[in-house]
Amino acid sequence: MLFVVAALLAGAAAYLFVAARHDILAWEEHRRQVLLVRRWEQARAGRPFDQAAQPRPDVDSPYATGPNPLPLPDRPGQTRYLWGGLVGACALFVLVAGLATHFG
């Protein structure tokens with residue numbers, strides 16, 4: 001029974017690590033788009049209108065579109081990494097307890 005609990009805890013820890021990595025990759029894509037738009041805006045700042053200039057970059061991030069975009073939040077994933085480590089440690093403890101009861 002302890003081996004099943006250890007396997008479930010290990011699966012939960014793996015899910016937390018994968019979810020954290022997914023959130024970080026999505027955040028990095030939003031950050032890349034925000035930087036792209038900011039560079040474009042800085043290149044045009046103070047210059048007269050030029051119809052032949054490059055148009056605004058086509059981005060889909062809510063943090064880079066619109067006249068007043070949302071501020072980019074802090075980098076996510078750190079809390080999920082922490083919880084994944086704690087759940088993984090618990091899985092290891094339960095596995096050791098299961099091995100101790102099985103062989104002890």
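In the predicted model, serine 61 is located in the loop that connects α1 (2-44) with α2 (78-103). Despite this loop position, serine 61 has a relative accessible area of 0% and is therefore buried, the cut-off for burial being under 20%. The side chain of serine 61 forms a polar contact of 2.6 Å with the side chain of histidine 30. When neighbours within four places in sequence are set aside, the contacts of serine 61 are with His30 and Gln33.

One aromatic pair was identified in a search of the whole structure. This pair consists of phenylalanine 17 and tyrosine 81, whose ring centres are 5.9 Å apart and whose planes meet at 40 degrees, so the arrangement is classed as tilted. Because phenylalanine 17 belongs to helix α1 and tyrosine 81 to helix α2, the pair ties together parts separated by 64 residues in sequence.

Arginine 21 and glycine 88 lie 67 residues apart along the chain, and a distance of 16 Å separates their C-alpha atoms.

Conventions:
Residues are numbered from 1 along each chain as its sequence is written. This is a predicted model: local features need pLDDT of at least 70, side-chain atom pairs count only at pLDDT 80 or more; totals for chains, interfaces and linings use all residues. Side-chain values use heavy atoms; hydrogens and water are left out. Helices (H or I, at least four residues) and strands (E, at least two) are DSSP runs, numbered from the N terminus. Buried means under 20% relative accessible area, exposed over 50%, partly exposed in between (1.4 Å probe, protein chains only). A polar contact is a pair of N or O atoms within 3.5 Å; within protein, one must be able to donate a hydrogen and the other to accept it, and residues adjacent in sequence count only if both atoms are side-chain atoms. Contact means heavy atoms within 4.5 Å. Rings of Phe, Tyr and Trp (its six-membered ring) pair if their centres lie within 6.5 Å; planes under 30 degrees apart count as stacked, over 60 as edge-to-face and the rest as tilted.
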